[in-house]
Protein chains: 2
Amino acid sequence: MSELRFDQIRKRWVIIAPERRKRPFAICRIDESEEGECPFCEGKENLTPPETFAIGFSGRKPDTPGWRVRVVPNKFPALKSDINLTKLHESDYFLSLNGFGYHEVIIETPVHNYPLWERKIDEIMDMFVAINERIKFFYKDRKIKYVLLFGNYGKAAGASLSHPHSQIVALPTIPEIPKNEMDSSRKYYIKNKRCLICNILKEEIESGARIVERRNGFIIWEPFASSFPFETWIIPENHECDFSNLNNIEFEKMAFILKDALLRINKFLKSPPFNLVLHTSCNLNYINKKERDIIKKSYHWHLEIISRMTQAAGFEWGTGININPIPPEEAAECLREVKL
Amino acid sequence: MSELRFDQIRKRWVIIAPERRKRPFAICRIDESEEGECPFCEGKENLTPPETFAIGFSGRKPDTPGWRVRVVPNKFPALKSDINLTKLHESDYFLSLNGFGYHEVIIETPVHNYPLWERKIDEIMDMFVAINERIKFFYKDRKIKYVLLFGNYGKAAGASLSHPHSQIVALPTIPEIPKNEMDSSRKYYIKNKRCLICNILKEEIESGARIVERRNGFIIWEPFASSFPFETWIIPENHECDFSNLNNIEFEKMAFILKDALLRINKFLKSPPFNLVLHTSCNLNYINKKERDIIKKSYHWHLEIISRMTQAAGFEWGTGININPIPPEEAAECLREVKL
């Protein structure tokens, strides 16, 4: 069974997940050619655990063909939902929870070689609808504090299967990075009665140096302190803390801008491996109204696209400081100039 | 010129280092065979910038053969010391320093294929002496707040040249990870008048489950919340905040235990790529006595060995939580059983 351990020295969580050793190339990588039968292709529904959500033809039975997006539990989960959340250790030295949580896979398309940026707008929207439904479902569970949606595309970005898919992990704790984002936003809001990111975006739009595109209320932005070359954020111009509050009209606009960003990155960098990371608000359903209001007004959701061309080594793991050889102003200029 | 930018949203530093694009395989990897002439081999001293420190035969002239350890400025530095430390941006939204600092390479041996674990004890001690001298030198500069010693061994660990070398970066700010370590140690000390790590080690020695070896006042330890498979700490049993306070007798003991740990890891994992990271105290020379005393009593230096068998992907970069498939208790057992 997995265990969520808290590092009392470095003040961060780690998931000890022995089950993950069994997954495809957990430790040693496999070649694409060794993959064999793809469990995510249409017609191979019996190779995955039973689906938890799908979008498909009406009248379609679960775990049969005819779907456009399909969500299934991860076969090698980092966290499991069929156990009771329990503290295993609790002291100044050792603190841990059992590995309670959810870990699902969003099979974004039935077609094996059909990357995100080539898809039609309504196909990208299907993926957003699935993400949205699952976030809402997980946030009904009061033990879940945070949900992370992420995608690993390309082997160097950590993909174990090449069929386009992303993953959702629902956690009983708020992880360090979103927590830091929420804390700095909260602190700024308490002082200024404004959202930190809204104010940063206002300055960014004025200068324009790090803006790639601005369209239908969404911005493609290279942040001032980008940790990775061509780190790109898709961010709504108007304040909103929660991705799952978006409606279909907004999903359509979001699909257009995401496709735009990925096409630019893909064209300029020639199909780099990349990660997608969605930072949305924590579970607001079970916290008091005052705190909920502060988070709603202070936190600003965004989707991060991380091109994986550099490699973290001793310096990065020892300091927490990434070295990024490409200034975001230069990245923005390159991406602005791409002809779509 | 490099720039140290502070991420006001995620509260962490990043180094924007355009010069690093020129270094060997900054972005694209090269094959070993393409390396050509090794600039770190004896007799090739003219291929590096002039040395800043060396241990060699008496009467040897700088930048000539006859050395055992040689320290030179990094040819593709992340930070530079020939500029004045200056703030470039300072607001709630954008904060940055110019890239002032030091970035040096410790060429650990004149011999190209001579890994750390095969070296004689006095050869390993030479390396410690060089590290020690450079830390002391950098900490004479009041603009330097923190020095990180790290090593990247093997390509998957980020090594750009295969000749054994480690690196020292001296920074005008304390990075996030050592800062978190210092903060948690400080907080615990204020409350308990004891060092957090001393107390953890006491419990660890009693249980024994995560101890690999205990010898001459040093411990080989797999921490409770190990972020990586076989993450291994070399740590002094008695309290000491600063690696550079060690004397030659302690360096000898430290060389024995480091060689022991690396031999075990190397034998069990079959020459894995790995990083070394030294976490020692920040620059204590220019802070007030009260604060200096607290850090001296609360912080506990250690050397981390990070085997690089897993890959950070979307989940890790989106949360700050690493997934480690090998429980440290299991890693400790495997390493204890290795016959040296």
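Two strands pair if DSSP finds at least two bridges between them. Helices (H or I, at least four residues) and strands (E, at least two) are DSSP runs, numbered from the N terminus. The model here is predicted, so local features need pLDDT of at least 70 and side-chain atom pairs count only at pLDDT 80 or more, while totals for chains, interfaces and linings use all residues. Residues are numbered from 1 along each chain as its sequence is written, and chains are lettered from A and ligands numbered from 1 in the order in which they are written.

**Exercise 1. Trace the open sheet of chain A, and find what packs on it.**

Now widen the view. The open sheet has 10 strands in chain A, ordered E3-E4-E7-E9-E8-E13-E14-E12-E11-E10, and the pairing is antiparallel. Its edges are E3 (53-56) and E10 (211-215) of chain A, each pairing on one side only. On average, neighbouring strands are turned by 15° against each other, direction ignored; axes are lines fitted to C-alpha atoms, for helices over the stretch in contact, and angles run from 0 to 180 degrees between N-to-C directions.

Last, the helix. H3 (residues 196-207) of chain A packs on the sheet and touches E10, E11 (218-221) and E12 (232-236) of chain A, its direction making about 105° with that of E10(A). Contact here requires C-beta atoms, placed from the backbone, to lie within 7 Å.

**Exercise 2. Work out how H2 and H5 of chain B cross.**

Take the axes: those of H2 (residues 176-192) and H5 (residues 289-298) of chain B come within 9 Å and cross at roughly 95°. That makes H2(B) roughly perpendicular to H5(B) (under 35 degrees is roughly parallel, over 145 roughly antiparallel, 65 to 115 roughly perpendicular, the rest oblique).

Next, the residues. From H2(B), Met182(B), Ser185(B), Arg186(B) and Tyr189(B) meet Ile294(B), Ile295(B), Lys297(B) and Ser298(B) of H5(B). Sorted by class, this contact has 4 nonpolar, 2 polar and 2 charged residues. For the classes, Ala, Val, Leu, Ile, Met, Phe, Trp, Tyr, Cys and Pro count as nonpolar, Asp, Glu, Lys and Arg as charged, and the others, Gly among them, as polar.

**Exercise 3. Describe how chain B meets chain A.**

Count first: 66 residues come from chain B and 66 residues from chain A. On the chain B side, H2(B) gives the most, with 6 residues. That side divides into 37 nonpolar, 18 polar and 11 charged residues.

E2 (residues 12-16) of chain A and E15(B) run parallel, joined by 3 bridges; in E15(B), Ile16(A) has Asn324(B) as its bridge partner.

Key. Two residues are in contact if their C-beta atoms, placed from the backbone, lie within 7 Å.
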